[in-house]
Each structure stands twice: as structure tokens, then as C-alpha cells.
Amino acid sequence: MRAMADHAALLARTHAFTRAIGDRIASRPIDHLLGHVIANDAYPASYSMNFLRVEGPQPDLGAARLEAAVAAAMDGIGRTHLQAIVEDHAAGARVAAELRDHGWEVVELLTMAQLGSPRRTVSVQAAVVPWEVARPLVLRNWQRDPAITEEWDAAMLTDRRSVLAAATHLRHLVAPVPPAEPGGYADLYSDGRTAQVEMVNTLTEFRNQGLASAVVLHGARLARDEGHDLVFLIADAADWPYQLYERLGFEEIGRYWELSKDR
């Protein structure tokens with residue numbers, strides 16, 4: 001029972017941390033009966049910066065109500081996509097199947113905190129670098145995404161990090177350390193007490209060299225050295241990287257849902 005209570009407290013801190021960043025990236029955070037609408041007018045096509053955040057317990061939330069709420073919220077801010085974050089895992093699980101049937105992409109996400117010692121070591125080194133060093137890697141990764149058909153989309157998805165830099169203490173991590181050619185990257189968000197490792201990626205030609213492990217471990221170690229007592233990351237429950245993060249000392253403390261649909 002104590003471990004479950006501890007996990008609940010840590011999960012609440014991660015929600016508070018990500019909510020604060022969401023509020024700061026918004027040009028106009030808008031109160032909503034289910035939580036808040038986050039709207040960034042500089043990057044209206046960015047799903048991660050324009051969404052309905054469904055907060056706290058939602059025992060009565062059904063698929064029809066959620067669909068209508070997201071559509072109205074996105075219409076209200078003039079967005080052509082539908083996007084929601086549902087913090088209540090049980091509520092998301094309850095509506096997931098029906099939303100999939102209605103054409104939604106429904107992703108179950110794990111919140112993982114580094115509560116143990118890493119069981120994996122890596123020989124490659126990682127470092128914090130200026131944005132101009134990390135940007136070519138991020139841009140190249142977006143350019144290779146088969147869903148991205150326009151160069152301006154890749155540039156938009158890359159350069160929206162300027163908004164994050166104003167919303168949190170943002171550092172860019174790469175591995176290996178220049179002057180070697182970097183092939184892996186991640187971001188570190190932090191506020192002095194809580195830190196999140198995010199956007200972990202490795203370019204295809206650099207995979208299976210331990211670069212993802214290197215940037216995650218470096219970010220977590222840096223945050224710990226600075227006095228952060230909670231370091232966490234988010235992983236897709238249906239994809240393999242969460243198993244890597246477990247070997248790096250991260251443990252699941254909770255789950256939530258991300259819901260999206262083109263229209």
C-alpha cells in the first residue's frame with residue numbers, strides 16, 4: 001500500500017509539472033468544464049501545443065461526451081485537428097475502444113520515474129549542447145518521418161522548441177559528444193525540483209549503439225546533480241522503448257491517455 005501511495009504522489013507531481021508547462025506554452029489557456037484548453041497561436045498545427053487537457057478523476061466521462069467536448073474546444077480555438085490528454089487512466093480505458101472505432105488514434109502512455117539504479121551501462125558519452133548543434137538532428141528526423149510531406153512542417157515541428165524554451169528550463173542533449181557526429185538526442189525539462197527527459201530519438205543509421213541510453217542517463221544524472229528529487233519520462237505502453245527505460249532505472253508510476261484525430 002505504501003508503494004502505491006508513493007507512486008500516486010509522484011504521479012501527481014508529474015501531472016503538476018506537465019500542466020505548468022502546458023499553461024506556459026499556451027498563448028491563451030482557457031478554462032473548460034473538463035480541465036483546460038491549451039492554444040498556441042504561433043504553432044496552430046502542432047497537436048502537442050493545441051489540445052484539451054482533461055484533468056483529474058472523470059468517473060462519468062463517456063466517449064460521446066468526450067468527442068463532443070474535444071470538437072467544441074478545437075472549434076473554439078480554430079484548429080482543424082482534434083487532440084486531448086486524459087489524465088484519468090480509468091476514464092481513458094473506458095472510452096478507448098469506442099473512440100478507435102470512430103477513427104481516433106488512442107495511445108496509452110506510461111509515466112516512468114527513475115526510482116532505481118540503472119542495470120545497463122554505456123560507454124558512449126553524452127553532453128548538453130546549444131540548440132544550433134541539436135537542431136540539424138531534430139530536423140533530419142522530422143524530414144524522414146513518412147507522415148511529413150512538406151518541408152515547412154518539418155521545420156515547424158523542429159522550431160516549436162522555442163516555445164518550450166520559454167516555458168521551462170530546457171536543455172538539449174546529444175550523443176556522442178561533438179566533435180564526433182551526434183546521432184542521438186533528447187531534451188531535459190526542469191524546474192529545480194522535478195525534471196523530465198523528453199523527445200528521446202536516435203537517427204536510423206546510429207541505432208544499436210547505446211545513444212538513447214546515453215542521453216537519458218546523462219539527463220537524469222545532470223538533474224540529480226542539480227538537486228532534482230524526481231526525474232521522469234513518458235513512454236508508449238505499446239512500444240518497446242519502455243523496456244529500455246526499465247533497464248535505466250525507470251519504473252512505471254502511472255498511466256494516462258493521448259487521443260487524436262484528423263478531420
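**View 1. Helices α4 and α5 pack at an angle of about 135°, with their axes 9 Å apart.** This is a predicted model, in which local features need pLDDT of at least 70 and side-chain atom pairs count only at pLDDT 80 or more, while totals for chains, interfaces and linings use all residues. Residues are numbered from 1 along each chain as its sequence is written, and side-chain values use heavy atoms, with hydrogens and water left out. Helices (H or I, at least four residues) and strands (E, at least two) are DSSP runs, numbered from the N terminus. Axes are lines fitted to C-alpha atoms, for helices over the stretch in contact, and angles run from 0 to 180 degrees between N-to-C directions. The helices α4 and α5 are therefore oblique to each other; angles under 35 degrees count as roughly parallel, over 145 as roughly antiparallel, 65 to 115 as roughly perpendicular and the rest as oblique. On the α4 side, the contact (heavy atoms within 4.5 Å) is made by W131, R135, V138, L139, W142 and Q143, and on the α5 side by E151, A154, A155, L157, T158 and D159. These contact residues of α4 and α5 divide into seven nonpolar, two polar and three charged; Ala, Val, Leu, Ile, Met, Phe, Trp, Tyr, Cys and Pro count as nonpolar, Asp, Glu, Lys and Arg as charged, and the others, Gly among them, as polar.

**View 2. Helix α5 (residues 151–159) has the buried residues D153, A154, M156, L157 and T158.** Buried means under 20% relative accessible area, exposed over 50%, and partly exposed in between (1.4 Å probe, protein chains only). The buried residues of α5 pack against α4 (131–143) and α6 (161–167).

**View 3. Helices α2 (residues 63–76) and α3 (residues 89–101) pack at an angle of about 70°, with their axes 9 Å apart.** The two helices α2 and α3 are therefore roughly perpendicular to each other, and their crossing is right-handed. In α2, residues A63, L66 and E67 meet V95, E98 and L99 of α3. The residues of this contact of α2 with α3 comprise four nonpolar, no polar and two charged.

**View 4. Residue L99 lies in helix α3.** At 1% relative accessibility, L99 counts as buried. Apart from its neighbours within four places in sequence, L99 is in contact with A63, L66, E67, W104, V106 and L259. The C-alpha atoms of L99 and S260 are separated by 9.6 Å, although these residues are 161 residues apart along the chain.

**View 5. Eleven strands form an open sheet with mixed pairing, in the order β1-β2-β3-β4-β11-β5-β10-β9-β8-β7-β6.** The edge strands, β1 (30–32) and β6 (127–129), each pair on one side only; two strands pair if DSSP finds at least two bridges between them. Neighbouring strands of this sheet are turned by 30° against each other on average, direction ignored. Helix α2 lies across β1, β2 (35–39), β3 (50–54), β4 and β11, and runs at about 120° to β4.

**View 6. Strand β11 (residues 250–262) is joined to strand β4 (residues 81–86) by six bridges, and the two run antiparallel.** Residue L82 stands opposite K261 in β11, and the bridge partner of I85 in β11 is E258. Strand β5 (residues 105–114) also runs antiparallel to β11, and ten bridges join them. The partner of M112 in β11 is E252.

Technical notes. A crossing is left-handed if the near helix is turned anticlockwise from the far one by less than a right angle, and right-handed if clockwise.
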